[in-house]
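Reader: I would like to learn how to read this structure. Where do we start?

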Amino acid sequence: MSLTLLIDLDDTLLPDSTEKFLPAYLEALSRHLEDLAPPKKIVETLYWATQKALDEPRIDTTIAQRFDSRFYPALGTTAAAEKDRVDDFYARVFPTLAPVSTPNPAAVELVSTAIQKGHRVAIATQPVYPAAATLGRMRWAGLDPQAFPFEIISSFENFHFGKPHPAFLLELLAQIGWPETG
């Protein structure tokens, strides 16, 4: 059986991400959606909806589904109605936030060495961001998901549980098929 490394993104592969990245992200996203509500209300609603999605885990709904069912209605809209605009944010605006992230030079070396040695690597970050954000931030860390064979990359679309819920780890291990059988 090969070694499986579970690596976090925030404050590990991307140092200071909570301190620097999060405020810039919230400001950019709230400005992008400011016709729905004042930026302060958008940020407060985002925090509230995220916390509720994490605090009320259910196996039958992803974190994204629970988030969407609270965030958008609180702003008087729906996820479907805002899909194109949110997609535009992650395609056009989100990449401009790269300079506020500080890559960890050892991150690429760690992941490359682990893979060269035949180890499995999973990105086990808190699944509170959409995949577009997580994948973009991995690129900023020098870890383009298309260049590395990650077992899984956690995001709010593909997880039902977040940290520190014990089921997060169980779900992650189940999704990567660990322990290997055979």
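**Buried rings and their partners**

Author: Trp140 has a relative accessibility of 16%, so Trp140 counts as buried. Keep in mind that this is a predicted model.

Reader: Which residues of H6 are buried?

Author: In H6, the buried residues are Ala133, Thr134, Gly136, Arg137, Met138 and Trp140. An α-helix has 3.6 residues a turn, so residues three or four places apart point the same way.

Reader: How do I read a pair of aromatic rings?

Author: Two values describe an aromatic pair: the distance of the centres and the angle of the planes. This structure holds 16 aromatic pairs. Take Phe21 and Tyr129. Their ring centres are 5.9 Å apart and their planes stand at 65°, so the pair is edge-to-face. The cut-off for that label is over 60 degrees.

Reader: Where do Phe21 and Tyr129 lie?

Author: Phe21 is in helix H1, and Tyr129 is in the loop between E2 and H6. The pair therefore ties together parts that are 108 residues apart in sequence.

Reader: Are these two buried or exposed?

Author: Phe21 has 0% relative accessibility, so Phe21 counts as buried. Tyr129 is buried too, with a relative accessible area of 10%.

Reader: Which aromatic pair is stacked?

Author: Phe94 and Trp140 form a stacked pair. Centre to centre, the distance is 5.0 Å, and the planes are 20° apart. This pair links distant parts of the chain, 46 residues apart. Phe94 sits in the loop between H4 and helix H5 (105-116), while Trp140 belongs to helix H6. Phe94 is at 2% relative accessibility, so Phe94 counts as buried.

Reader: Which residues do ring pairs link into a cluster?

Author: The cluster consists of Phe21, Tyr25, Phe89, Tyr90, Phe94, Tyr129 and Trp140.

Reader: How do I find empty space in a model?

Author: Roll a probe the size of a water molecule over the atoms, and the empty space that is left shows up. Here, the largest pocket has a volume of about 700 Å³. Its lining has 32 residues, and the closest to the pocket centre are Tyr25, Val128, Tyr129, Pro130 and Phe156.

Reader: Which helices each supply at least two residues of that lining?

Author: Helix H1 (17-32), H2, H3, helix H4 (79-93) and helix H6 (131-140) do.

Reader: How many residues of each class does the lining of the largest pocket have?

Author: There are 20 nonpolar, five polar and seven charged residues in that lining.

Reader: Now to single residues. What does the side chain of Arg120 reach?

Author: The Arg120 side chain reaches the backbone oxygen of Ile176, at 2.4 Å. Arg120 is in strand E2 (residues 120-123). With a relative accessible area of 10%, Arg120 is buried.

Reader: What is in contact with Leu173, leaving aside neighbours within four places in sequence?

Author: Leu6 and Trp178 are. Leu173 and Leu6 are 167 residues apart in sequence, yet 9.4 Å apart in space, C-alpha to C-alpha. Leu173 is part of helix H7 (residues 166-176). Its relative accessibility is 16%, so Leu173 counts as buried.

Reader: Where is Thr61?

Author: Look in the loop between helix H2 (39-55) and helix H3 (63-74). Thr61 is at 19% relative accessibility and counts as buried, because the cut-off is under 20%. Leaving aside neighbours within four places in sequence, Thr61 is in contact with Arg66 and His160.

Reader: What about backbone details?

Author: Two stand out for a reader. A cis peptide bond joins Lys163 and Pro164, with omega of about 5°. Pro164 is in the loop between H6 and H7. Then there is Asp11, which is not a glycine but has a positive phi of about 60°. Asp11 lies in the loop between strand E1 (4-7) and H1. Asp11 is partly exposed, at a relative accessible area of 44%.

Reader: Where is Asp144, and what does Asp144 touch?

Author: Asp144 is in the loop between H6 and H7. Not counting residues up to four places away in sequence, Asp144 touches Met138 and Arg139. Asp144 is partly exposed, with a relative accessible area of 28%.

Key
Residues are numbered from 1 along each chain as its sequence is written. This is a predicted model: local features need pLDDT of at least 70, side-chain atom pairs count only at pLDDT 80 or more; totals for chains, interfaces and linings use all residues. Side-chain values use heavy atoms; hydrogens and water are left out. Helices (H or I, at least four residues) and strands (E, at least two) are DSSP runs, numbered from the N terminus. Buried means under 20% relative accessible area, exposed over 50%, partly exposed in between (1.4 Å probe, protein chains only). Contact means heavy atoms within 4.5 Å. On a 1 Å grid over the protein atoms alone, a cavity is a set of points where a 1.4 Å probe fits but cannot get out, and a pocket is an open set with protein on both sides within 12 Å along at least five of seven lines; lining residues have an atom within 4 Å of a point. Grid points are joined across faces, edges and corners, and a volume is the space filled by probe spheres set on the points. Ala, Val, Leu, Ile, Met, Phe, Trp, Tyr, Cys and Pro count as nonpolar, Asp, Glu, Lys and Arg as charged, and the others, Gly among them, as polar. A polar contact is a pair of N or O atoms within 3.5 Å; within protein, one must be able to donate a hydrogen and the other to accept it, and residues adjacent in sequence count only if both atoms are side-chain atoms. Rings of Phe, Tyr and Trp (its six-membered ring) pair if their centres lie within 6.5 Å; planes under 30 degrees apart count as stacked, over 60 as edge-to-face and the rest as tilted.
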